[in-house]
Amino acid sequence: MNTNIENINIVTATLKAQIVNHKVYTQISDLPELRIFMEHHIYAVWDFMSLLKALQINLTCTNLPWFPVGNAKTRQLINEIVAGEETDLDEKGDIKSHFELYIDAMEQVGANTAPINTFIEALKNGKTFAEAYQIANVPVVAQQFMDSTFAIINAQKSHAISASFTFGREDLIPTMFHSMVNDLNSKHPDQVTIFKYYLDRHIEVDGDHHSHLALEMTSELCGNNETAWKEAKDAVTEALKQRINLWDAVLKEIENATIVA
């Protein structure tokens with residue numbers, strides 16, 4: 001393994017451990033808690049796709065007339081990841097993005113999809129992020145999560161975007177969470193099947209093949225540039241801290257809901 005990759009893993013190990021061992025996972029015992037989790041997590045799923053598209057825009061030609069852009073191997077890596085994330089198969093065999101699959105899972109489990117849909121619709125209609133947050137009543141911690149992500153995107157440093165995409169994202173959900181979802185699926189087979197499929201598909205595609213491709217891409221983009229590797233490490237650290245903050249907020253909301261109940 002690339003020594004710089006190893007260094008990022010070492011430097012961020014404590015943050016990753018906080019995420020994997022977060023108390024929030026043990027507090028999800030039934031559908032009400034899962035709904036709260038999904039209603040926050042969906043924003044991370046969405047801006048994960050935005051990170052991905054930023055990489056495609058920066059690393060491949062998305063304008064006319066077409067010209068070859070950058071390194072051919074990097075183009076191949078990002079296009080393969082985009083194809084898998086944006087046009088995968090759902091549980092019925094229909095083509096969908098992983099974001100759309102997650103929305104389907106939310107609807108099946110009875111989670112509220114109105115805020116995320118309203119947020120996206122507001123952005124489509126030309127509203128700023130701040131305006132869309134207010135219109136959709138997006139949770140404050142989710143706003144902070146997305147603001148952090150788009151700060152990295154707007155800095156236009158592909159190596160930092162790639163590092164955040166590669167190290168700071170969806171492969172940090174622990175095995176115990178998958179076991180919990182399997183248990184909920186057994187208890188509520190008509191409400192959790194799509195979310196279980198989403199997680200299983202994530203392990204099969206994102207967590208293995210795509211992770212390997214993303215590591216290659218980050219290494220290619222940083223090369224032997226020490227400044228680039230430092231900026232990559234900083235981006236990963238920020239992404240992980242934002243994930244911890246998101247999980248802290250989810251945990252607090254679940255605990256408050258339990259007290260009220």
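This note goes through the salt bridges and the nonpolar core of a predicted model.

1. Ground rules. Residues are numbered from 1 along each chain as its sequence is written, and side-chain values use heavy atoms, with hydrogens and water left out. Because the model is predicted, local features need pLDDT of at least 70 and side-chain atom pairs count only at pLDDT 80 or more, while totals for chains, interfaces and linings use all residues.

2. Salt bridge count. The model has 11 salt bridges. The term means a side-chain nitrogen of Lys or Arg within 4 Å of a carboxyl oxygen of Asp or Glu.

3. A link across the sequence. Lys187 and Asp30 form a salt bridge, with N to O at 3.5 Å. Lys187 belongs to helix H10 (residues 175–187), and Asp30 sits in the loop between helix H2 (13–20) and helix H3 (31–59), so the pair ties together parts that are 157 residues apart in sequence. Helices here are DSSP runs (H or I, at least four residues), numbered from the N terminus. Asp30 is partly exposed, at 24% relative accessibility. The scale is this: buried is under 20% relative accessible area, exposed is over 50%, and partly exposed is in between (1.4 Å probe, protein chains only).

4. A pair within H11. Asp200 and Lys196 form a salt bridge, and their closest N and O atoms are 2.8 Å apart. They are four residues apart in helix H11 (residues 193–222), so about one helical turn separates them. Asp200 is partly exposed at 34%. Lys196 is partly exposed at 24%.

5. A pair within H12. Lys230 meets Asp234 in a salt bridge of 2.9 Å, N to O. Here too, the residues are four apart, in helix H12 (residues 226–260), which means a separation of about one helical turn. Lys230 is partly exposed at 48%, and Asp234 is partly exposed at 37%.

6. A network. Salt bridges also link Lys73, Glu216 and Glu220.

7. The nonpolar core. Such a core is a set of buried Ala, Val, Leu, Ile, Met, Phe, Trp, Tyr and Cys residues joined through side-chain atoms within 4.5 Å. The largest one holds 83 residues, and Leu34, Phe37, Phe119, Phe177 and Phe195 touch the most other members. H3 supplies the largest share of this core, 17 residues.

8. Leu34 up close. Which residues does Leu34 contact, leaving aside its neighbours within four places in sequence? They are Ile28, Val109, Phe177, Leu184, Val192 and Phe195. Contact means heavy atoms within 4.5 Å.

Note on methods: Helix = DSSP H or I, 4+ residues; strand = E, 2+ residues; numbered from the N terminus.
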